[in-house]
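Colleague: Could you walk me through this one and tell me what stands behind each label you use? I'd like the cut-offs too.

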Amino acid sequence: MISVGIFSKTRLSEHLKSTKVDAKGAVYLTTENGTFPISLTSLDPDSSTVDFPKIFSATVENRENESALWHESQDDMLLTYFNTTFNELNKTEYDAKVNQKRSINDAVSKNITVVLENLLKNYEKSQLPTHGKGYPTVVQTNILIRSMGPVSELDMDYSMDCYFRQYWRDTRLSFLGPIRSLSLSIKMLERIWRPDTYFYNGKHSYVHTITVPNKLLRISQHGDILYSMRLTIKAKCPMELRNFPMDRQSCPLILGSYAYSNQQLVYQWQNSESVNFVPGMTLSQFDLISFPYRNFTFTRREGDFSVLQVSFNLQRHTGYFLIQVYVPCILIVVLSWVSFWIHREATSDRVGLGITTVLTLSTISLDSRTDLPKVRYATALDWFLLMSFFYCIATLLEFAGVHYFTKVGSGEIVIDDSEWEELIEEVGGDAYAARQLAARRRSSVRSANNYSPSLPAQINSSADSNLPQVQEEHPCVRLTMERTTQTENRVPRWRQLLYCLAGDDQYRRQRQREAGNRGHINSVSHIDKAARVLFPASFALLNLFYWMIYAFTDDDFAWSDNPINRV
């Protein structure tokens with residue numbers, strides 16, 4: 001007996017209309033006014049009319065208060081009862097279905113256990129699936145690469161993270177049952193045969209084990225086996241760095257059986273898309289141009305072995321090296337040419353600038369070689385650095401030549417600060433007149449030393465007050481000098497160069513006399529004038545040849561005849 005509230009006829013009729021349940025049975029309603037047995041007959045919820053007196057027939061013990069029993073405020077209690085009753089009916093049906101499904105799953109699980117026990121009862125895992133059948137076992141392979149890099153030039157290797165899958169058929173593991181394929185625990189791998197695949201050029205590879213070993217084993221009804229694992233492979237990549245950093249590299253991945261020859265085990269790529277990449281995968285230093293793959297036979301001392309190869313053809317990015325090496329080197333070389341416009345008497349300035357540029361290039365060269373192996377040949381970057389070194393050192397040597405011709409060959413007169421101030425005061429502040437006066441005085445001293453041995457010894461002193469007296473007492477000195485300069489012959493420039501290189505003392509004195517007569521003090525050197533044109537022009541021409549040779553000549557990728565010997 002269930003105690004519920006009182007329903008109005010109208011609301012109960014509406015509730016039964018909206019409830020699609022076949023209501024049959026009896027219900028006893030206990031209230032404050034008494035107990036009411038209610039008989040329930042079948043109710044069709046789709047019927048438009050409900051004969052309410054046929055649904056409820058009640059024997060009321062106390063009929064005096066019958067009108068108060070159907071009070072509207074008690075209707076919700078009966079609604080709650082019917083909802084609870086119908087939910088219990090639905091729950092019962094659901095539990096029945098769950099129990100039925102559970103029993104089916106238990107039966108299937110028992111069937112799988114029986115199937116596996118029967119499969120492995122007489123199974124010999126040391127024998128190939130085609131043992132004794134006269135043909136080799138075929139293992140099909142595909143690779144999905146998740147990420148690739150870094151590619152190391154120093155160690156000549158590369159790394160990649162991939163899903164490595166192998167397929168083969170073992171008819172000893174075929175079965176019949178309601179399930180087409182079984183996904184088994186990796187513990188089953190220890191109980192069945194599997195190929196002994198290894199990477200010929202592998203250096204350090206491992207299977208991911210977090211949180212569990214990343215392996216998958218699946219067996220179909222026909223005995224087809226899928227063995228998949230997630231690997232990180234570090235493999236050797238022999239590199240040719242002659243064109244570095246405008247080079248192209250081909251990094252192979254070679255795999256095959258360690259012990260089984262091609263008469264026992266044959267490897268094949270599964271289809272035309274056996275090597276694939278996760279969408280959006282990129283490399284930091286390279287562009288992946290292509291990744292061809294092939295099957296071939298490798299001959300070892302133990303026999304012929306089936307081998308698979310995929311080559312990752314890479315093109316290096318040159319942007320980093322342009323910004324970090326090439327552009328700074330070009331700017332440093334151009335900076336060294338500033339010395340051609342610096343006064344040739346500024347020895348410390350020009351030498352300091354040249355040495356600074358050479359040391360800066362040395363630092364850049366050392367930094368650029370830190371990530372490169374010590375190969376026996378020069379790379380393209382090495383040639384460019386050597387060319388930059390040559391121009392910076394040639395700038396220093398050019399100034400050495402200018403300094404030599406200035407001090408020894410040209411007879412330039414050096415005037416210290418104290419003497420210059422005296423000359424400026426003497427001529428009234430005219431710098432040009434001061435230089436001319438200095439030239440005349442030095443020329444008079446040299447002429448007296450060379451052509452008038454009867455001059456007193458005090459003429460050789462640097463006292464400026466005695467120089468006019470020398471000219472007055474010995475007027476023949478000036479005449480002799482003028483007569484000499486008027487009758488001198490011009491020497492060809494190539495012979496002048498030979499005299500200067502040989503250090504000819506007679507030619508040196510002749511040039512000193514000529515410079516003193518002309519008064520050319522602090523003049524621009526002819527070597528500097530030529531260097532201002534020759535250095536930039538030759539450097540631009542060499543750069544043009546350099547980039548035409550290295551940047552615009554691409555070598556085609558080709559399969560190696562024996563790639564395993566290279567790695």
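Predicted model: local features only at pLDDT ≥ 70, side-chain atom pairs only at ≥ 80, totals over all residues.

Colleague: What makes strand 3 and strand 4 a hairpin?

Modeller: Strand 3 and strand 4 have four residues between them, and they run antiparallel, joined by 10 bridges. Pairing takes at least two bridges, so 10 will do. In the turn, Met156 has a positive phi of about 55°.

Colleague: Which strand pairs with strand 3 in the parallel sense over five bridges?

Modeller: That is strand 11 (residues 265-269), with strand 3 itself covering residues 137-152. Val138 has Val266 of strand 11 as its bridge partner. Strand 12 (residues 275-277) also runs parallel to strand 3, with three bridges, and there Leu144 stands opposite Asn276.

Colleague: How do you know that Cys237 and Cys251 form a disulfide?

Modeller: The label needs a pair of cysteine sulfur atoms within 2.5 Å, and those of Cys237 and Cys251 are 2.1 Å apart. The structure holds one disulfide.

Colleague: Why is the disulfide of Cys237 and Cys251 called left-handed, and what does the pair tie together?

Modeller: It's left-handed because the torsion about the S-S bond is about -75°. Cys237 lies in the loop between strand 9 (224-236) and strand 10 (248-257), and Cys251 is in strand 10, so the pair ties together parts 14 residues apart in sequence. Both Cys237 and Cys251 are buried.

Colleague: Are Cys329 and Cys392 buried or exposed?

Modeller: Buried means under 20% relative accessible area, exposed over 50%, partly exposed in between (1.4 Å probe, protein chains only). Cys329 has 0%, so it counts as buried, and Cys392, also with 0%, is buried too.

Colleague: What makes the second largest pocket a pocket, and how is its volume of about 530 Å³ defined?

Modeller: On a 1 Å grid over the protein atoms alone, a pocket is an open set of points with protein on both sides within 12 Å along at least five of seven lines, whereas a cavity is a set where a 1.4 Å probe fits but cannot get out. Points are joined across faces, edges and corners, and the volume is the space filled by probe spheres set on them, here about 530 Å³.

Colleague: Which residues line the second largest pocket?

Modeller: Lining residues have an atom within 4 Å of a point, and there are 27, with Arg248, Gln249, Ser250, Phe557 and Arg566 nearest the centre. Strand 10, strand 15 (303-316) and helix 15 (563-566) each give two or more residues to this lining, and strand 10 gives the most, five.

Note on methods:
Residues numbered from 1 in each chain as written. Heavy atoms only, no water.
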